[in-house]
Amino acid sequence: RIAAEETGRELETQSRIIAEQTARSVQAIDVVIRHVSEQFRKGALVRLGPEELHNYLREQAVGLVQADGLAMHHADGTVRALSWIYPAPDGVTNISNMAEFRVARDDPKFDLLVGGAMLSRVDGRWFFPIGRRLETAAGQFDGTIAARGRIDYFQQFYRDAQPGPATKVTLMHRGGTLLARHPPVDAALGKRL
């Protein structure tokens with residue numbers, strides 16, 4: 001009984017550490033996309049051409065090991081710039097049909113949104129979007145800025161933090177879908193559990 005109680009306390013402590021690290025990882029991404037959003041609202045990015053905007057986003061993404069780049073989209077869902085590729089491929093980067101984009105577009109009170117796991121149509125990598133609205137100085141919706149949260153980063157961290165081989169660590173979206181897990185189960189990513 002004492003061993004079971006001690007193991008329970010250790011697992012509870014470990015789960016709090018993992019949850020805190022996960023929250024801080026998302027918060028670090030939010031600091032960057034909040035900054036980009038504010039620069040956009042102030043008009044500092046309006047004068048940049050597509051290549052300059054790509055370079056700006058690439059520079060902002062430096063050091064975000066938990067994200068696989070930044071993506072900026074127009075109000076119609078078409079791409080403005082992607083930090084990981086230039087020029088952006090034609091025809092595969094319109095996100096207007098994504099639920100997360102519609103929430104950002106339709107809700108002026110929208111703050112930070114974390115979407116479900118998805119497979120990139122651009123490069124085939126698993127990620128989950130972490131995004132914010134872009135607004136004009138007058139407060140009108142003008143697109144989105146988002147980071148591609150790296151599922152492999154979180155799964156690697158959970159593997160490294162795992163207290164024992166029988167322990168499983170799972171990151172679930174508030175909506176009940178799987179975002180990351182160790183041991184990995186790629187076939188379940190993005191599925192409601």
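Where is Pro87 found? Select it in this predicted model, and you will see that Pro87 sits in the loop that runs between strand 2 and helix 3.

Next, select Ile85, which belongs to the loop between strand 2 (79–82) and helix 3 (99–106). Because its relative accessibility is 29%, Ile85 counts as partly exposed. If you set aside the neighbours within four places in sequence, the residues in contact with Ile85 are His54 and Val122. For a sense of distance, draw a line from the C-alpha atom of Ile85 to that of Ile17, 68 residues away along the chain, and the separation is 35 Å.

Now turn to the largest nonpolar core, which has 35 residues, and colour Leu57, Leu70, Met72, Ile145 and Phe154, the members that touch the most others. Among the elements that each supply at least two residues of this core are helix 2 (50–61), strand 1 (67–73), strand 6 (141–150) and helix 4 (151–161), while helix 1 gives the largest share, 7 residues.

Stay with Phe154 and show its surroundings: not counting residues up to four places away in sequence, Phe154 touches Thr22, Ser25, Val26, Gln66, Phe128, Leu171 and Ala180.

Finish at Pro183, in the segment after strand 8, where the peptide bond joining His182 and Pro183 is cis, with omega about 0 degrees.

How values were computed:
Residues numbered from 1 in each chain as written. Predicted model: local features only at pLDDT ≥ 70, side-chain atom pairs only at ≥ 80, totals over all residues. Heavy atoms only, no water. Helix = DSSP H or I, 4+ residues; strand = E, 2+ residues; numbered from the N terminus. Buried < 20%, exposed > 50% of the residue type's maximum accessible area, 1.4 Å probe, protein only. Contact = heavy atoms within 4.5 Å. Core = buried A, V, L, I, M, F, W, Y, C linked by side-chain atoms within 4.5 Å.
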